[in-house]
Amino acid sequence: MQMKMREREMAASTDSVSVDIDAFSPPPKEHIVRTHYGYVSVAVYGDPEKPALITYPDLALNYVSCFQGLLFCPEASTLLLHNFCIYHISPPGHEVCSFISLSHIAVLLDVYLLTVINSFIGNILSSCFLIILYFVQELPQLGAPEIAPDYPVLSVDDLADQIAEVLNFFGLSAVMCMGVAAGAYILTLFAMKYRQRVLGLILVSPLCKEPSWTEWLCNKDIRGGAQFPESDIVKACRRSLDEMHSLNVWRFLEAINGRPDLSEGLRKLNCRSLIFVGDMSPFHSEALHITSKLDRRFSALVEVQACGSIVTEEQPHAMLIPIEYFLMGYGLYRQSKSLSPRSPLSPSWISPELFTPESMGLKLKPIKTRIPT
C-alpha cells in the first residue's frame with residue numbers, strides 16, 4: 001500500500017502523461033486466402049473471438065484509404081474495435097502490400113511523445129521516429145502487383161461468392177458488413193445470395209441499379225461533386241489511383257460496369273440496413289432509390305451534408321452516433337466496465353419494435369448531419 005501511495009505522489013509531482021498503451025491495437029494481420037476465383041488478401045484486425053465485421057472498399061481504394069478515417073476515430077475504438085474483429089477484404093489487385101502502416105507509426109509516435117515529453121532522451125528518440133516516418137512515406141501504400149493479363153476477369157457474382165469462401169476459410173458463420181460505393185454493391189449482392197450469413201449492412205454511397213452514362217462519366221474522374229472544389233480526401237484518392245496498376249483497377253471496374261439491377265431483390269433482405277450518403281455525392285439519388293426499395297421497418301438513411309461519396313474518410317464522426325444506435329439493436333455498446341466486449345451479436349431475442357428506425361434513434365429520413373461551426 002505504501003508503495004502504491006508513493007507511486008501516486010511521484011506521478012502527481014511530475015508533468016508526465018498517463019497513457020493506456022493497451023488501448024492501441026497492433027496492426028492488422030495479413031492473410032492470403034485461396035479461393036476458386038483466385039487469391040484474395042484479407043487483413044484481420046482485432047480479437048478473432050469477437051463477432052465479425054467485414055469491409056469491402058470502393059473502386060481503386062483499399063482498407064487503408066477507404067476505412068482508416070473511421071476506424072481511427074477515438075470514439076470508434078470504443079464502439080467498432082471494442083465489439084468486433086474486423087476482416088478487411090480487398091478486391092483482387094487492390095491489396096495493401098507495404099509492411100509498415102504509416103498511420104500506425106504516427107499513432108505510436110503521438111503516444112510516445114506524450115509519455116516522454118520534456119525528456120532529453122525522448123527528444124532524441126522522437127527525432128529517430130520522424131526519420132523513420134519520412135522514409136515510410138516513400139514506401140508504396142498500395143503496392144499490389146499487377147494481375148496477369150490472361151487472368152479471367154471476375155464478375156460481381158464471382159466477387160460475392162469469393163466473400164463466402166473467405167468466411168468459410170476463417171470459420172465465420174454470419175457477419176456484419178460495411179462497404180463503400182462499389183464495395184457496398186458487392187456486399188449487398190452477397191447479402192442477397194447468402195441471406196443467412198449477413199446480420200446487418202452498413203452501406204456508404206451504395207450502388208444498386210445498372211450503370212448509367214452519368215456513372216460512366218463519373219468513373220472517368222474521381223468520385224466527388226464536380227461543382228465543388230476538391231477536398232483533401234479527393235486529392236488523396238487521386239494520388240492513390242495514380243499509384244495503382246491501371247489493369248487492376250480496370251478489372252474491378254469491368255465487374256461493376258457489368259452489374260445487374262438489384263432493386264427487385266432488396267425488399268427480400270431479412271437483415272437490418274443503415275445507409276450513409278453525402279449530399280454532394282453523385283450517387284445521392286442512388287442511395288435514395290435503395291432506401292425506397294428496402295423494407296422501412298429494417299432500414300434507415302443518413303444524409304451527411306457538405307460531404308461526397310467516401311463518408312468514412314470525409315466525415316467519419318458523422319457516422320458514429322447512427323452506427324451506435326444501429327448496433328444497440330444487436331446488444332452491442334460502447335466500451336464500459338460493466339459490459340463484456342463479447343456481447344452476443346444475435347438480434348433474435350430483441351422485440352420487433354426495436355428494429356424500427358425510431359428505436360434506432362433515426363426519426364427522420366434522411367437525417368441531416370451538419371458540420372460543427
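**Stop 1: helix α2**

Select Asn-62, which caps the N-terminal end of α2, with a side-chain oxygen 3.0 Å from the backbone nitrogen of Val-64. That is a polar contact, meaning a pair of N or O atoms within 3.5 Å; within protein, one must be able to donate a hydrogen and the other to accept it, and residues adjacent in sequence count only if both atoms are side-chain atoms. Helices (H or I, at least four residues) and strands (E, at least two) are DSSP runs, numbered from the N terminus.

This is a predicted model: local features need pLDDT of at least 70, side-chain atom pairs count only at pLDDT 80 or more, and totals for chains, interfaces and linings use all residues. Residues are numbered from 1 along each chain as its sequence is written, and side-chain values use heavy atoms, with hydrogens and water left out.

Now select residues 63–71, helix α2 itself: 8 of its 9 residues are buried. Buried means under 20% relative accessible area, exposed over 50%, partly exposed in between (1.4 Å probe, protein chains only). Among the buried ones are Tyr-63, Cys-66, Phe-67 and Gln-68.

**Stop 2: Arg-197**

Move to the loop between α8 and β6 (198–204), where Arg-197 sits. What does its side chain reach at 2.6 Å? It is the backbone oxygen of Leu-172. Arg-197 is buried yet has no salt bridge (a side-chain nitrogen of Lys or Arg within 4 Å of a carboxyl oxygen of Asp or Glu). The nearest side chain of opposite charge, Asp-161, is 9.5 Å away. Here Lys and Arg count as positive and Asp and Glu as negative; His and the chain ends are not counted. Show the residues in contact with Arg-197 (heavy atoms within 4.5 Å). Leaving aside neighbours within four places in sequence, they include Ala-164, Leu-167, Val-175 and Phe-190.

**Stop 3: the cores**

Select Ile-54, Tyr-87, Ile-186 and Leu-201. Of the 54 residues in the largest nonpolar core, these touch the most other members. Such a core is a set of buried Ala, Val, Leu, Ile, Met, Phe, Trp, Tyr and Cys residues joined through side-chain atoms within 4.5 Å. Helix α8 (residues 182–193) supplies the largest share, 9 residues. Apart from this core lies another, of 41 residues, including Leu-81 and Ala-318.

**Last stop: the whole chain**

Zoom out to 15 helices and 9 strands. Of the 373 residues, 51% count as buried.
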